[in-house]
Amino acid sequence: MSVIFFACVVRVRDGLPLSASTDFYHTQDFLEWRRRLKSLALRLAQYPGRGSAEGCDFSIHFSSFGDVACMAICSCQCPAAMAFCFLETLWWEFTASYDTTCIGLASRPYAFLEFDSIIQKVKWHFNYVSSSQMECSLEKIQEELKLQPPAVLTLEDTDVANGVMNGHTPMHLEPETRFHHVTAQAGLELLGSSHHPPASAFQSAGITAPNFRMEPVTALGILSLILNIMCAALNLIRGVHLAEHSLQVAHEEIGNILAFLVPFVACIFQCYLYLFYSPARTMKVVLMLLFICLGNMYLHGLRNLWQILFHIGVAFLSSYQILTRQLQEKQSDCGV
């Protein structure tokens with residue numbers, strides 16, 4: 001049963017959301033807790049490293065160290081030790097993936113949204129996997145919580161409308177001196193030998209993925225799409241023609257056929273990456289660019305230098321357009 005519903009990573013000094021899980025529930029109570037979490041994120045610098053706010057159905061937990069904090073909305077049945085073990089495992093994963101310079105220079109919300117895939121993976125483990133390693137990690141966190149209890153926050157008077165706070169939110173906390181909890185590293189061991197959760201697991205829990213709104217298409221972006229489609233068409237026509245000829249004459253041309261068809265697929269996928277958001281977009285862009293460059297260099301005998309430079313130039317232009325077209329800020333009902 002799912003007990004961790006939502007998780008996000010924020011920057012402590014200003015509450016800027018850096019990444020968030022893309023699954024959410026549509027109930028009014030849950031959306032209200034999402035708004036409370038957003039208002040709390042703006043004040044994390046005022047509080048100790050660990051804290052919790054509990055309600056009738058949901059609870060918010062946060063764990064921060066340095067300028068990075070991880071926050072989660074859980075069910076009230078979720079043990080505090082499990083929530084904090086999850087958050088600190090997430091913290092280790094994020095800080096291992098991005099250096100402090102990139103985090104400090106981030107200027108737009110959800111600059112590291114591709115980290116969502118890691119959030120999903122960690123969250124699925126804590127929701128659906130039980131192992132001796134996890135039990136050992138939870139026991140260590142429980143001992144820490146007994147020695148250093150988390151701050152207790154009350155959010156009853158939070159007034160949030162359309163994701164924007166209208167008034168001051170009184171919050172009361174028990175004083176705590178923060179120290180870093182390195183035992184959460186043990187939770188990372190849970191991720192080593194597992195696979196991504198099947199989609200049915202999320203669907204059975206009532207989880208869906210929202211649509212991301214990209215920035216408007218530019219004139220140069222449209223030009224890159226047209227040129228990319230043209231290159232894809234040229235690759236497809238030459239590849240099919242060569243395949244028909246090779247079947248009648250010889251089978252030695254299989255490498256040339258693949259050198260046409262693989263860049264064709266890569267060009268089409270570049271068009272998709274420009275039009276729609278995809279996790280791990282940078283890695284996919286680099287991979288598609290590599291396929292196109294290698295394919296065209298392999299075809300040096302069948303294409304002249306100017307043709308090769310044209311195809312590679314279009315691939316670089318498309319890659320640049322993909323990487324510079326960013327996500328717009330999430331809509332209010334999907335925001336952290």
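Leaving aside its neighbours within four places in sequence, which residues is Ala111 in contact with?

## Ala111 and its surroundings

In this predicted model, Ala111 is in contact with Pro17, Leu18 and Ala106 once the neighbours within four places in sequence are left aside, where contact means heavy atoms within 4.5 Å. Ala111 lies in the loop between helix H3 (100–105) and H4, and with a relative accessible area of 18% it is buried. Here buried means under 20% relative accessible area, exposed over 50%, and partly exposed in between, with a 1.4 Å probe and protein chains only. Although Ala111 and Pro17 are 94 residues apart along the chain, their C-alpha atoms are separated by 8.1 Å.

## Basis and confidence of the model

Residues are numbered from 1 along each chain as its sequence is written, and side-chain values use heavy atoms, with hydrogens and water left out. Because this is a predicted model, local features need pLDDT of at least 70 and side-chain atom pairs count only at pLDDT 80 or more, whereas totals for chains, interfaces and linings use all residues.

The average pLDDT of the protein, pLDDT being the predictor's confidence in each residue from 0 to 100, is 77, and 74% of the residues score at least 70. Over residues 157–211 the pLDDT stays under 50, and for this stretch the model has 111 contacts beyond four places in sequence. Residues 329–336 also have a pLDDT below 50, with 24 contacts in the model beyond near neighbours in sequence. Where pLDDT is low, the predicted coordinates should not be read in detail.

## Overall architecture

The secondary structure of the protein comes to eleven helices and eight strands; these are DSSP runs numbered from the N terminus, with helices being H or I of at least four residues and strands being E of at least two. Of the 336 residues in the protein, 50% are buried. Among contacts with a separation of 6 or more, 73% are accounted for by residues 24 or more positions apart.

The accessible surface of the protein is about 16600 Å², and 62% of it belongs to carbon and sulfur atoms; such areas come from the Shrake-Rupley method with a 1.4 Å probe, and for residues only the protein chains shown count as cover.

## Nonpolar cores

A nonpolar core is a set of buried Ala, Val, Leu, Ile, Met, Phe, Trp, Tyr and Cys residues joined through side-chain atoms within 4.5 Å. The largest one holds 34 residues, of which Ile4, Leu18, Phe86, Leu90 and Phe94 touch the most other members. Strand S1 (4–11), strand S5 (68–75), H2, helix H4 (116–128) and helix H5 (132–147) each supply at least two residues of this core, and the largest share, eleven residues, comes from H2.

Phe86, leaving aside its neighbours within four places in sequence, is in contact with Ile4, Ala7, Ala72, Val122, Lys123 and Phe126. A second, separate core of 26 residues includes Phe5, Phe30, Ile60 and Leu113.

## Salt bridges

Side chains of opposite charge can pair when their charged atoms come close. Taking a salt bridge as a side-chain nitrogen of Lys or Arg within 4 Å of a carboxyl oxygen of Asp or Glu, the count comes to six. One of them joins Asp14 and Arg11, whose closest N and O atoms are 2.7 Å apart; Asp14 is partly exposed at 33% relative accessibility, whereas Arg11 is buried at 4%.

Glu88 forms a salt bridge with Arg50, with the closest N and O atoms 2.5 Å apart. This pair links distant parts of the chain, since Glu88 is in helix H2 (residues 80–97) and Arg50 is in strand S3 (residues 50–54), 38 residues apart. Both Glu88 and Arg50 are buried. Salt bridges that share partners also join Glu32, Arg35 and Arg36 into one network, in which the side chains of Glu32 and Arg36 meet at 3.9 Å, N to O. Glu32 and Arg36 are separated by about one helical turn because they are four residues apart in helix H1 (residues 28–41).

## Cysteines

With a disulfide taken as a pair of cysteine sulfur atoms within 2.5 Å, the count comes to zero. The sulfur of Cys74 is 4.1 Å from the closest cysteine sulfur, in Cys78, and is therefore too far for a bond. Cys267 is likewise in no disulfide, the nearest cysteine sulfur, that of Cys231, being 5.5 Å away. Cys74 is buried with a relative accessible area of 0%, and Cys267 is buried with 4%.
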